[in-house]
Each structure stands twice: as C-alpha cells, then as structure tokens.
Amino acid sequence: MTERIMRKLIAVAILVFQHISVSAALELTLSNYEEKTEGKTVFIKVYSPTCAHCQELAPAWEQLEKEWSGHEQGLVASLDCTVEAKFCDHLGIEGVPHILYGEPSSKGIFLKEFSGEKTLETLQKFAKETLDQKICSPGNLGACQGEELYKFQYFLSLSTTDLVSLLKEKEQKIDIAEEVFAAKFEEMQKQYDLASNQFALDKGRIRKR
C-alpha cells in the first residue's frame, strides 16, 4: 500500500469519525422537541453555526453532550436558530449563544436562562447539580411537593378571567410600590443635596479661619 493511498484512507476515516460525532449530538427541532425532551431535565445550547462565540463554545458543549448521552434523566442538546427561527422566537431568544435549562414541557415555556460562565468546568458542574433530578413546574406537577405543589394547583385551577384579574391586581401593587420608592428616593436626594451644600459651606468656613 503506497503512502498516498494510506493518506487518503486516513482522511476518509477522519471524515467518517467527524460525521459520527456530529450525528451523535442531538439537534432539537420544533417537530421533535416534545418527543426527545419528554420527562427529561434539559440543558440546551441555542446557537448559530456562523456565530464566533458559538464556535468557541462548541468543543465544550460537544464534550458535555458525550458525557450525558443516553442518561436516563438528563438531556444535553442543541437548537440551531438558523434552522428553527420560529422556535427560537417562541423561546424569546434575542442573541446567541444562549443556554436554557430546566423542565421542558409545553414547548419550553418553563425553561430558564443559564447565566454562568460557559467554560467546560462550569457547565459540567452545573449539569451534575441540575440534570440528575426532575424539576417541579406547572407542567410537571409530579415532581412538586408541599407549598410549591399547592401553589401551582391553585393557579392552574383559576379561570382565565380570574388569572387576568389577579395579574392586574399584582401590577397595581407593583405600580404603587414603584411610586412609593420614587417618592422616598426623591426625598433622600433632597436630603443628600442639602447635606452636601452644608458640608461645602462648613468646609469653606473652616479654611478661612
């Protein structure tokens, strides 16, 4: 076997290996999302193939996907916004890379944003602490207990009209709290200005002595 043929065989083997590695990664789509994530606790990288920061994150995420491949509870996957633009809009994605985690039911409306560092060590630590357990949410009451379970059952029992009324009541309370805060802040600012002016006067008098 000549050296030239050997090089070609090695190149083909590398391409085949890369293809297998890529195929092993789970790419979520709107059509396969429910099937692939049902009953899982998920860690999802939302990305674009042309994004420089996404490319920097890729090796760490590929390693994480390998580590969690086939896990009974935890699922590490990816979502390409250039392919699934509507799904990304539904999830409220405004920029990539964006990492989501949590309980995935109802097409991801209960997912939360991961705000930690995107290093392999940090991702591994977070995944170990989070993905090995079921997460309580309105879409997964079986994982809820005590006060959390009661709270979700209560809200789910309300009619749409009652929910809207409750939200309006909460918004009014927030508005009142903001007005009180603004008034107190304004009063504090006045006191600060008076104290600053008095300090400047006192300092001037002391220097003249």
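## Helices across the sheet

In this predicted model, helix α6, residues 120-130, lies across β1 and β3. The angle between α6 and β1 is about 150°. Helix α3 spans residues 52-68 and lies across β1, β2 and β3. For α3, the angle of about 150° is the one to β2.

## The sheet itself

So what do these helices lie across? The strands form an open sheet of four, with mixed pairing, and its order reads β2-β1-β3-β4. Strands β2 (74-80) and β4 (112-113) stand at the edges; each has a single partner strand, so one side of each is left without a neighbour in the sheet.

Let's look at one pairing in detail. Strand β1 (residues 41-47) and strand β3 (residues 98-102) run antiparallel and are joined by five bridges. Here Ile-44 stands opposite Leu-100 in β3.

## Ile-44 and the largest core

Ile-44 turns up again in the largest nonpolar core, which has 15 residues. Together with Val-46, Leu-79 and Ile-93, Ile-44 is among those with the most contacts inside this core. At least two residues of the core come from each of β1, β2 and α4 (85-90).

Which residues does Ile-44 touch, leaving aside its neighbours within four places in sequence? The list includes Leu-28, Tyr-33 and Trp-61, then Ala-77, Ser-78 and Leu-79. Ile-44 is also in contact with His-98, Ile-99, Leu-100 and Leu-111.

## Phe-43 and a second core

A second, separate core has 14 residues, including Phe-43, Leu-57, Tyr-101 and Leu-131. Phe-43 has its place in strand β1. Is Phe-43 buried or exposed? Its relative accessibility is 0%, and buried means under 20%, so Phe-43 counts as buried.

Phe-43 and Phe-114 are 71 residues apart along the chain, while their C-alpha atoms are separated by 8.8 Å.

## The second largest pocket

Finally, a look at open space. In general terms, rolling a probe the size of a water molecule over the atoms shows where empty space is left. The second largest pocket has a volume of about 230 Å³. How many residues line this pocket? There are 13 of them, and the closest to its centre are Glu-103, Lys-112, Ile-135, Cys-136 and Ser-137. Strand β3 and helix α7 (146-157) each supply at least two residues of the lining.

How values were computed: Residues are numbered from 1 along each chain as its sequence is written. This is a predicted model: local features need pLDDT of at least 70, side-chain atom pairs count only at pLDDT 80 or more; totals for chains, interfaces and linings use all residues. Side-chain values use heavy atoms; hydrogens and water are left out. Two strands pair if DSSP finds at least two bridges between them. Contact means heavy atoms within 4.5 Å. Axes are lines fitted to C-alpha atoms, for helices over the stretch in contact, and angles run from 0 to 180 degrees between N-to-C directions. Buried means under 20% relative accessible area, exposed over 50%, partly exposed in between (1.4 Å probe, protein chains only). A nonpolar core is a set of buried Ala, Val, Leu, Ile, Met, Phe, Trp, Tyr and Cys residues joined through side-chain atoms within 4.5 Å. On a 1 Å grid over the protein atoms alone, a cavity is a set of points where a 1.4 Å probe fits but cannot get out, and a pocket is an open set with protein on both sides within 12 Å along at least five of seven lines; lining residues have an atom within 4 Å of a point. Grid points are joined across faces, edges and corners, and a volume is the space filled by probe spheres set on the points.
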